[in-house]
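Student: I have a structure open and would like to go through it with you. Can we start with the contacts and then move on to the helices?

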Amino acid sequence: MYNPSHLEATVPAMPPMAAVGVPTVNMLEATSLVKYFDRGTVNEVLALDGVDLRVQPGEFVCIIGSNGAGKSTLMGCISGCSPPDYGRTVLDGHDITFWPEYRRASLIGRVFQDPLAGTCSSMTIEENMALALRRGRQRGFRRGVTNSERELFRTSLSKLDLGLEHRLPDQVGLLSGGQRQSITLLMATLIKPKLLLLDEHTASLDPKTAELNMKLTCELVEEERLTTLMITHNMQQAISYGHRLIMLHQGRIILDFDQEAKKRLTVRDLLQHFHSAASDLSNSISDRLLLG
Amino acid sequence: MSFFAITGAIEQGLVYGLMTLGVFITFRVLDFPDLTVDGSLPLGAAVSSVCITNGLDPWLSLLPAMVAGFLAGMVTGLLTTRLKILHLLASILTMTALYSVNIMVMGGRPNVPLINSPTVFGPARKLVASLGVSPWLTSSFLFLFLVLAVVAALIWLMRTEFGQALLATGDNPRMITSLGVNTGFTIVVGVGLSNSLVSLCGALVAQNQGTAEVSMGVGTIVAGLASIVVGETLFGGRRIVTRIVSVVVGSILYRLAIATALSLNVFKPSNLNLVTASIVVAALSLPRLKAFIRNRGYRQKRNV
């Protein structure tokens with residue numbers, strides 16, 4: 001694998017992992033995930049080509065790759081919204097391979113790219129947060145929002161510094177996309193998830209709001225030492241944040257930088273990797289055409 | 001318009017208010033346009049009537065009617081969530097099948113007369129009379145009591161954890177799935193609940209008019225939608241309490257409007273469904289129409 005050790009360190013480092021050097025049980029073990037789309041038709045696409053991914057508890061992994069590389073497909077396989085055709089997924093010791101999406105939700109917190117996708121616009125801020133507070137729990141005929149929970153939500157929202165702690169009974173539809181994405185982040189971490197999945201969660205926001213949300217993400221992740229996978233198209237973001245950087249290409253993990261290697265990485269290096277991967281693409285296409 | 005026509009319209013508005021609450025659960029809460037109701041209304045009527053003619057207490061007969069409605073709704077829900085049939089089509093399929101089922105329930109006949117059978121209004125009439133109210137208003141009072149009970153129950157339900165999950169299922173299924181709710185389950189239960197209310201309405205209507213008919217469900221969904229949009233247009237609240245209450249008020253106002261138009265000979269009774277459908281089209285297109293007019297004014301100003 002390519003070792004970029006000759007490159008200069010240009011970005012601030014994340015605090016080191018607590019468990020470095022200590023043998024740990026992996027939080028996430030995804031083994032030979034394979035995912036086809038439109039299998040058996042002329043449109044057949046191999047979106048994941050045997051992906052193996054081991055993530056340690058508390059590790060923050062950035063995932064990059066060109067469009068169609070399989071980033072979102074990989075996340076879909078882990079979250080269960082589009083389960084893989086082959087492969088095994090173990091999360092926190094539970095074999096979740098055959099768990100449906102809603103059952104996996106008890107272990108996984110998620111934030112989507114679309115800032116409107118993570119909240120219910122017709123419901124109030126407190127109702128949305130109460131829904132998140134019951135993630136993975138049986139929902140019965142107890143009250144949907146209680147007074148003690150409101151107190152918790154106020155404390156949680158005051159972290160955002162947006163004044164939302166005074167607007168609990170307001171409809172979420174009245175808020176901006178950036179505010180809604182911040183609330184979604186809080187909601188995803190309200191109950192500590194075993195795994196936090198962030199699918200380009202700042203890509204649809206303006207630069208300033210994106211930065212605010214990224215800062216909030218870091219605070220939340222560090223505070224609870226959350227195991228996190230984050231997809232991003234922003235190279236600088238991928239370099240600056242997290243303990244590890246992986247690059248997907250054509251459904252495979254082609255690069256895997258640990259914290260040390262990542263420190264020396266620059267945006268230019270990453271772009272070079274993209275270009276060399278793209279030229280591999282044309283080679284592999286001709287190989288496939290020749291060899292069938 | 002006579003006093004009897006007005007009280008009659010209010011009585012209809014109250015009893016069909018139960019149906020409208022059912023349609024509200026699917027159409028507004030779950031965002032699931034459900035046409036099963038055209039079949040589950042006569043289903044409730046048929047089940048209740050057959051139970052009564054076989055000697056069951058009229059009050060108790062409402063229970064199997066509601067259970068039957070729940071099952072009919074479940075079928076539509078399962079066709080949608082398990083077999084991935086489009087919700088609208090799934091409900092049309094169930095509605096069509098229910099036509100045969102309803103005739104089967106009624107022993108192969110298209111109607112069951114209840115003229116000489118006991119109904120829920122018998123014991124209620126004595127109670128209302130003891131309060132010094134004209135026995136003519138018995139069914140109105142009974143329906144008012146039942147509608148208030150169902151409204152209270154629905155308001156309570158929508159504030160529970162399960163009710164919140166129902167609301168979220170209609171608003172953002174992807175989000176609520178990622179928070180651990182099986183939307184397949186909430187949809188099946190929600191559509192079932194909706195149709196059990198519609199069947200309850202059908203059972204009461206049959207007992208009130210003294211007969212269950214296979215054709216009594218025609219136009220149920222359109223009347224339900226019209227009542228909902230009438231209520232929403234007049235109240236337009238966002239809180240769930242306001243929305244639920246406005247549904248019932250909308251149902252009463254809708255029946256009053258129809259009765260008024262009929263008494264003034266504005267249109268013939270056979271034109272009712274055409275008029276109602278037109279009301280729904282007008283009400284549903286109102287927001288777009290408003291926006292269009294607003295934008296047109298803006299453009300004209302810019303052109304000056």
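Student: How many salt bridges does the rule find across the interface of chain A and chain B?

Tutor: Three. A salt bridge here is a side-chain nitrogen of Lys or Arg within 4 Å of a carboxyl oxygen of Asp or Glu. This is a predicted model, where local features need pLDDT of at least 70 and side-chain atom pairs count only at pLDDT 80 or more, while totals for chains, interfaces and linings use all residues. Residues are numbered from 1 along each chain as its sequence is written, chains are lettered from A and ligands numbered from 1 in the order in which they are written, and side-chain values use heavy atoms, with hydrogens and water left out.

Student: Which elements give two or more residues to the side of chain A that touches chain B?

Tutor: Helix H2 (101–104), strand S6 (108–111) and helix H3 (125–133) of chain A. H3(A) gives the largest share, four residues. Helices (H or I, at least four residues) and strands (E, at least two) are DSSP runs, numbered from the N terminus.

Student: How many residues does the contact take from chain A and from chain B?

Tutor: It takes 32 residues from chain A and 22 residues from chain B, with contact meaning heavy atoms within 4.5 Å. The two chains bury about 2,300 Å² between them, 57% of it on carbon and sulfur atoms. Buried area is the accessible area (1.4 Å probe) that two parts lose on being put together, summed over both.

Student: Which residues in chain A lose the most area to chain B?

Tutor: A:Tyr102, A:Arg139 and A:Phe141, together 27% of what that side buries.

Student: Back to charges. What does A:Arg142 meet in a salt bridge?

Tutor: The side chain of B:Glu161, at 3.4 Å, N to O.

Student: Is B:Glu161 buried or exposed?

Tutor: Buried, because its relative accessibility is 3%. The cut-offs are under 20% relative accessible area for buried, over 50% for exposed, and partly exposed in between (1.4 Å probe, protein chains only).

Student: And what about A:Glu149 and A:Arg134, buried or exposed?

Tutor: Both are buried. They form a salt bridge, with the closest N and O atoms 2.8 Å apart. A:Glu149 is in helix H4 (residues 147–158) of chain A and A:Arg134 in the loop between H3 and H4, 15 residues apart.

Student: What does A:Lys159 pair with?

Tutor: A:Glu223, in a salt bridge at 3.8 Å, N to O. A:Lys159 lies in the loop between H4 and helix H5 (177–190) of chain A and A:Glu223 in helix H6 (residues 207–224), so the pair ties together parts that are 64 residues apart in sequence. A:Lys159 counts as partly exposed at 39% relative accessibility, and A:Glu223 as exposed at 52%.

Student: New topic, chain B. Which residues of helix H5 (residues 121–130) are buried?

Tutor: B:Phe121, B:Ala124 and B:Val128. They are on the same side of H5(B) because they cover an arc of only 60 degrees around the axis, taken from the directions from the helix axis to the C-beta atoms. On the other side, B:Lys126, B:Leu127 and B:Ser130 are exposed.

Student: What do the buried ones pack against?

Tutor: Helix H6 (138–159) and helix H9 (183–209) of chain B.
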